[in-house]
Amino acid sequence: MIRFLEHSEIDKDKWNKTATEALNPTIFVDFDFLSIGCPNWCALVEDDYQSIMPLPVRSKLSIKYIFTPFFYNRMGIFSRKEISPGLVKEFINAIPRKYKQIDLFLNENNPCELVDTKTVTMISHRMGLNRPYETISHQYSQNTIRNIKSAQKQGLQYIENASIKEIIRLFQQNRGKRKAVHYKKRDYYTLMKMAHHANNQGILDTVGVISEGKMIAGALFLKDFDKSWFWFSGRDNAQADKKAMFFLMNEYVRRHAEQQHILDFNGSMNENVARLYKGFGGIPYTFNMLHFTRDFYLGGLIRLYKAIKS
């Protein structure tokens, strides 16, 4: 039986035991990690926590909805058993009717063939690091190789234990100023809390690139069981000609080659970004996103609200 639980009703120890022992584990559904981004998240739980599904919840215009918080790469169903299309359908049908809008990432182990509601196919890219660097780099595109060689002539320095605050600031002051980026001050604060939480647990690599004594690019790599996520990054647009991100990514791959890890680039649906990831040997794969409105009139109301806010 699948039950809906409010946040206060969730047994933290049982939840985390299932999250850790699941066939598809991830840090993104750890009780404390999830609570940073959505303190009042709810959940669906099958039987005695055999399978679990976090439901980050929020309310706007008196409309209750389920969403994927910024910086959380995967949600969906997690279980100690193989997840069947039928189980996915049961879980989605068990989402309470009071939640009118659902925009929730699932994960690649959540087959949606039997789901009646609307899903969107998302694309990400990943590559195995369990090979010698020479083998991995042999898969780089010619354009990527040219950019790496160009960067290596710039006198750049790769550093570990870079400042989390500075990496976030690099993004804020550059790409973060674009209209298409919807992060608010509170979102950066949340990311900072998540990053420090992960860093304290020893599952975050913070790396940067120094040029003339100044950090011009940086990235956060989140170590998540058998994966390392290219989680967040920032760079100085004024120094774009130095190709610092190509330098950074290549160095990270070189230093982590021959490890039993998958490097997940975490995207992208953007063709230009996808081309960058493919250039490093990233192989595309798909996962689903639940995206539907339960009452026909709410779609227009939500679009109007977003238009006014923007």
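Lys and Arg side chains are counted here as positive and those of Asp and Glu as negative. On this basis the protein chain carries 44 positive and 31 negative side chains, and the centres of the two sets lie 9 Å apart. The structure described is a predicted model. The mean pLDDT of the protein chain is 93, and 95% of its residues reach 70 or more. An exception is the segment of residues 304-310, over which pLDDT stays under 50. For this segment the model has three contacts beyond four places in sequence. Where pLDDT is low, predicted coordinates should not be read in detail.

The secondary structure of the protein chain consists of 10 helices and 14 strands. The radius of gyration is 20 Å, close to the 19 Å given by the globule rule for 310 residues, so the chain is as compact as a globular protein of that length. The C-alpha trace spans about 60 × 45 × 35 Å along its principal axes. Of the 310 residues, 52% count as buried. The protein chain exposes about 15400 Å², of which carbon and sulfur atoms supply 48%. Among contacts with a separation of 6 or more, 77% are between residues 24 or more positions apart.

The surroundings of Trp15 were examined next. Trp15 belongs to helix α1, which covers residues 12-21. Its relative accessibility is 0%, and Trp15 therefore counts as buried, the cut-off being under 20%. Leaving aside residues up to four places away in sequence, Trp15 touches Ile10, Val29, Phe31, Trp41, Ala43, Val45, Tyr49, Ile52, Met53 and Pro54.

Tyr49, one of the residues touched by Trp15, is found in the loop between β2 (42-46) and β3 (51-55). Tyr49 also counts as buried, with a relative accessibility of 4%. Its phi is positive, at about 65°, although Tyr49 is not a glycine. Most residues other than glycine have a negative phi. A positive phi is found as well in Phe225, where the value is near 55° and the residue is again not a glycine. Phe225 is placed in the loop between β11 and β12 (227-235). At 42% relative accessibility, Phe225 counts as partly exposed, whereas Tyr49 is buried.

Strand β11, which comprises residues 214-224, contains Lys214. Lys214 is partly exposed, with a relative accessible area of 42%. Its contacts, not counting residues up to four places away in sequence, are with Val209 and Asp236. Lys214 and Gln157 are 57 residues apart in sequence, and their C-alpha atoms are 9.9 Å apart in space.

Thr135 lies in helix α4, formed by residues 133-137. The relative accessible area of Thr135 is 37%, so this residue is partly exposed, a class that lies between the 20% and 50% limits. The C-alpha atoms of Thr135 and Ala257 are separated by 9.4 Å, while the two residues are 122 residues apart along the chain.

Key. Residues are numbered from 1 along each chain as its sequence is written. This is a predicted model: local features need pLDDT of at least 70, side-chain atom pairs count only at pLDDT 80 or more; totals for chains, interfaces and linings use all residues. Side-chain values use heavy atoms; hydrogens and water are left out. Helices (H or I, at least four residues) and strands (E, at least two) are DSSP runs, numbered from the N terminus. The radius of gyration is taken over C-alpha atoms; the globule rule is 2.2 Å times the number of residues to the power 0.38. Buried means under 20% relative accessible area, exposed over 50%, partly exposed in between (1.4 Å probe, protein chains only). Contact means heavy atoms within 4.5 Å. Accessible areas come from the Shrake-Rupley method with a 1.4 Å probe; for residues, only the protein chains shown count as cover. The place of a charge is taken as NZ of Lys, CZ of Arg, CG of Asp or CD of Glu. pLDDT is the predictor's confidence in each residue, from 0 to 100.
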